[in-house]
Amino acid sequence: MESPAIEIISLSFSYPDGVPALHDINLNVARGETVGIVGPNGAGKSTLLMHLNGVLRGKGTVRVMGLDVNDENARKIRRLVGLVFQDPEDQLFTPTVYEDVAFGPLQMRYPREEIDRRVRDALRTVGMEGFERRSSHHLSFGEKKRVSLATVLALDPEIIAFDEPTSNLDPCSREEFISYLMALPATKVIATHDLELVLQLCGHTILLSGGTIVTEGETRELLGDRALMEKHRLRVPLSLALGPR
Amino acid sequence: MHRTDARVKCVACVCCVLLIVTTPATAVLSFTGYALILLALLAVSRVPILHIVRRTLAVMPFVLLIAACLPFIKRGEVMWSVAWGGWTLAVTRDGLRLFWGVFVKSSLSIFCVALLTATTRFDCLLRGMESLRCPRLVVMLLSFLYRYAFLFSDDLMRMLRAKRSRSFRPARSEARILAGMLGMLFVRSYERAERVYLAMCSRGFDGTIVTPGRPALGAADLALSGGVIACFAAARLAGGIW
Amino acid sequence: MHIPDGFLAARVWAPSWAVAVAGMWCCLKRAGRTLGDRAIPLMGVTAAFIFAAQMLNFPVAGGTSGHLLGGVLAAVLLGPWAGAVVIAIVLAVQCLLFQDGGLTALGANVVNMALIGSAFSYGIYILIASGSPGRGRLLASVAAASWCSVFLASTVCAFELALSDTSPLRVALPAMAAVHALIGIVEALITCGVISFIVKVRPDLLYAGKGGAR
């Protein structure tokens with residue numbers, strides 16, 4: 001049988017200062033699936049995403065496409081799992097768009113033509129072709145967000161994890177970004193407060209609260225549970241509350 | 001000139017500055033030559049002259065310091081003196097020569113560097129430095145500074161505006177508030193650095209910085225910088241002293 | 001204190017460049033060893049912070065204003081090695097972007113403000129704050145180190161000018177020292193203000209020495 005895209009077995013993590021962040025996480029994500037992770041502020045959503053590619057390591061097992069996340073597999077894992085950070089300013093850390101998108105492929109020591117091709121393809125996928133020489137500082141927020149996605153796409157990952165992909169975007173940029181996101185064939189994990197987004201994209205949703213998985217299930221069912229949502233400082237999305245579409 | 005390869009511009013700029021600072025102060029002809037060449041380059045590059053003049057003002061504090069020293073250089077022939085009570089202030093030829101030399105050299109050097117940075121985007125300049133074997137780590141640090149400095153100064157402006165919107169006039173504890181703001185900014189920049197590190201690791205960063213190869217140099221680029229350096233060297237020779 | 005081109009003779013700026021390059025190489029190695037891979041983004045982003053912080057004007061008595069130089073601040077936060085690198089990077093960008101300080105003089109400027117003004121002055125801070133000081137002693141040592149950093153850098157600068165025959169030592173030294181003794185007071189006050197804020201909010205961010213809390 002094909003191994004799942006992501007397999008997490010009893011993962012726990014505490015920050016170096018001793019603050020516990022995740023406790024006994026067990027999780028399976030099938031290949032090609034789009035999964036939502038919802039939960040209140042400070043639930044540990046971002047921390048969990050950081051474990052998918054091993055930049056944070058906790059106690060327990062994380063397996064990606066059948067590979068154990070450890071030092072030995074680090075490079076392979078980083079290529080397989082792309083992380084789109086909440087704040088594009090964190091992800092775009094070089095002076096130009098080209099250098100930002102080329103950073104990953106360069107670290108993989110691809111040959112120059114391959115890097116150029118990957119940068120071009122990645123920028124085209126997010127509708128930012130021709131922006132290579134622009135400085136990242138002077139892009140609009142929506143553009144920065146799309147270039148952030150391109151920096152990840154340049155490595156052609158099998159799994160892409162998004163941290164609050166739609167926060168701070170105006171409604172049009174949000175819709176644009178979602179359309180780019182939907183077109184991606186990769187397995188997607190989306191951590192967000194934007195429950196409408198989860199409803200739109202994710203078949204399966206996980207509710208994370210206080211560093212543990214409270215429950216998981218079919219998205220409409222889970223998000224429609226008023227008592228559960230309000231207990232964890234969430235709200236039933238309007239489109240669901242107003243009855244079936 | 002804006003399109004010329006950054007590498008040859010860097011090399012030309014460094015050569016010209018070296019020639020300028022090592023020219024003896026008495027070689028007036030050389031300095032005139034340098035100024036004419038630079039003015040010609042300025043005209044070709046269409047950089048506004050005001051930009052250059054403004055940059056030259058940066059040397060003023062130092063020029064003033066040297067000017068203050070003038071009356072104290074006792075050697076040489078006295079050019080001009082004031083007697084005031086029991087004191088005599090005298091300016092000697094040697095002193096004036098020193099003042100002139102320092103002033104003209106620093107202004108021309110600033111002219112050179114300002115011309116370079118006005119015609120070269122900073123990211124191209126960094127790539128150029130890198131191909132010229134400037135350590136990658138240094139280039140990377142410079143590019144981080146360039147990327148985040150303006151983000152932080154925007155942050156600072158926002159904090160200042162937020163402070164102003166809550167206070168009418170400069171408070172007695174103004175300095176303390178401003179220092180707190182810088183403290184806050186540092187905490188934020190530290191957290192930013194942590195997240196940037198995670199973002200770098202996520203894309204395969206393992207402690208070594210990899211950079212793309214260098215493209216070949218065009219003949220026109222080489223000719224331009226070679227020409228500029230040659231003109232400078234000619235001006236230097238014309239001054240009669242090598 | 002950013003010396004422009006033309007003020008230093010080759011017999012001063014060339015050796016200064018050599019010292020600066022050797023010093024920076026040493027600092028980069030040590031910083032990498034104490035901070036690991038994180039050193040790269042940390043030093044780069046902190047350099048951006050110092051650069052932005054230097055733009056903030058503090059009101060000083062009599063309608064004048066001063067700003068932070070940041071040598072000791074960077075060293076107290078990131079350690080002497082990374083601190084010196086941060087200041088040198090800021091100086092390089094100021095030289096390139098704003099022509100604040102010359103190309104040939106960059107070596108001397110790095111020696112004065114990064115090696116002496118940051119790494120060496122950190123030694124003064126450690127000397128006074130040795131052990132585990134209370135808040136008072138910590139701030140006092142920060143103030144002393146900051147004042148010394150500015151004062152020492154300016155006196156070395158005066159010596160460099162004198163060695164270049166640009167200005168006689170008996171004029172340059174008292175002039176530079178007097179002006180910078182005052183600037184040093186401003187620097188000490190600002191650095192103390194910033195550090196006391198950070199000690200209150202995130203005391204873990206102060207550099208704790210080799211293999212310390214970080």
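How many residues of chain C are in contact with how many residues of chain B?

Reply: This is a predicted model, in which local features need pLDDT of at least 70 and side-chain atom pairs count only at pLDDT 80 or more, while totals for chains, interfaces and linings use all residues. Residues are numbered from 1 along each chain as its sequence is written, and chains are lettered from A and ligands numbered from 1 in the order in which they are written.

In chain C, 54 residues are in contact with 58 residues of chain B; two residues are in contact if their C-beta atoms, placed from the backbone, lie within 7 Å. On the side of chain C that touches chain B, the elements that give two or more residues are helix 1 (10-35), helix 2 (39-53), strand 1 (58-59), helix 4 (80-98) and helix 7 (169-201) of chain C. Helices (H or I, at least four residues) and strands (E, at least two) are DSSP runs, numbered from the N terminus. Helix 2 of chain C gives the most to this side, with 13 residues. By class, the side of chain C that touches chain B holds 40 nonpolar, nine polar and five charged residues. Here Ala, Val, Leu, Ile, Met, Phe, Trp, Tyr, Cys and Pro count as nonpolar, Asp, Glu, Lys and Arg as charged, and the others, Gly among them, as polar.

One residue on the chain B side deserves a look. Leaving aside residues up to four places away in sequence, B:L145 touches C:G44, C:A47, C:A48, C:F51, C:I89, C:V90 and C:V93. In the largest nonpolar core, which has 225 residues, B:L145 and C:V85 touch the most other members. Such a core is a set of buried Ala, Val, Leu, Ile, Met, Phe, Trp, Tyr and Cys residues joined through C-beta atoms within 7 Å. A residue is buried if 20 or more other C-beta atoms lie within 10 Å of its own, exposed if 12 or fewer, and partly exposed in between, with C-beta atoms placed from the backbone.

Now the other chains. Two pairs of chains are in contact, and chains B and C share the most contacts. Between chain A and chain B, 29 residues of chain A are in contact with 23 residues of chain B. No contact joins chain A and chain C, and their closest C-alpha atoms lie 9 Å apart.

As for chain C itself, there are seven helices and two strands, in the order α-α-β-β-α-α-α-α-α along the sequence. Buried residues make up 58% of its 214 residues.
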